[in-house]
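Dear colleague,

I am handing over the structure shown just below, and after it you will find a short account of what turned up in it.

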Amino acid sequence: MISPLRKIDYVGLVVASAFIVNCGYVATNLYGLSGMVSMVFIPGSIVVVLAWFIRNMKTTIVTSFAVIFLTAIFTQFSLSAPVWFGIIDNVLYKNLFIYTVFLKVIQYVFVSTFFSLLAALMAGLAFE
């Protein structure tokens with residue numbers, strides 16, 4: 001059985017990891033950082049660090065899914081912020097902007113999930 005403080009540690013790791021990955025992905029969209037860095041390297045290295053702290057393959061994979069899901073939510077919010085804060089006012093452009101952001105987030109989730117699970121499996125096998 002996992003103690004309540006240990007669960008809080010996992011939640012903190014998930015939120016901090018999701019925030020870091022979200023910052024990398026937003027930097028990709030705003031500043032032209034390579035997509036390979038934000039969609040492959042950062043999530044993969046975060047998962048390896050999580051596996052190193054957790055040392056349990058099942059928990060590592062579940063935590064990886066939680067990080068990816070929370071990152072997708074953070075990314076949707078941060079990339080849609082110009083519409084929500086009224087920076088973009090044109091109604092037709094608002095809908096197109098939200099749709100393209102949604103497609104970017106879905107693409108990000110598929111690519112990051114594949115590479116994160118690959119890293120989680122390799123890290124889990126290495127630390128078992």
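Searching the whole structure gives 2 cavities of 30 Å³ or more, a cavity being a set of points, on a 1 Å grid over the protein atoms alone, where a 1.4 Å probe fits but cannot get out. This is a predicted model, in which local features need pLDDT of at least 70 and side-chain atom pairs count only at pLDDT 80 or more, while totals for chains, interfaces and linings use all residues. Residues are numbered from 1 along each chain as its sequence is written, and side-chain values use heavy atoms, with hydrogens and water left out.

The protein has 4 helices and 0 strands, where helices (H or I, at least four residues) and strands (E, at least two) are DSSP runs numbered from the N terminus.

The largest cavity holds about 50 Å³ of space, a volume being the space filled by probe spheres set on grid points that are joined across faces, edges and corners. Its lining, made of residues with an atom within 4 Å of a point, includes Val21, Pro43, Val67, Tyr108 and Ser112. Helix 2 (35-54), helix 3 (57-84) and helix 4 (91-127) are the elements that each give two or more residues to this lining.

The search also finds 4 aromatic pairs in the whole structure, that is, rings of Phe, Tyr and Trp (its six-membered ring) with centres within 6.5 Å, called stacked with planes under 30 degrees apart, edge-to-face over 60 and tilted for the rest. In one of them, the rings of Tyr25 and Tyr108 have centres 4.5 Å apart and planes at 40°, so the pair is tilted. This pair links distant parts of the chain, with Tyr25 in helix 1 (residues 4-31) and Tyr108 in helix 4, 83 residues apart.

With best regards

Definitions and conventions:
1 Å grid on protein atoms, 1.4 Å probe; cavity = no way out; pocket = protein on both sides within 12 Å on 5 of 7 lines; lining within 4 Å.
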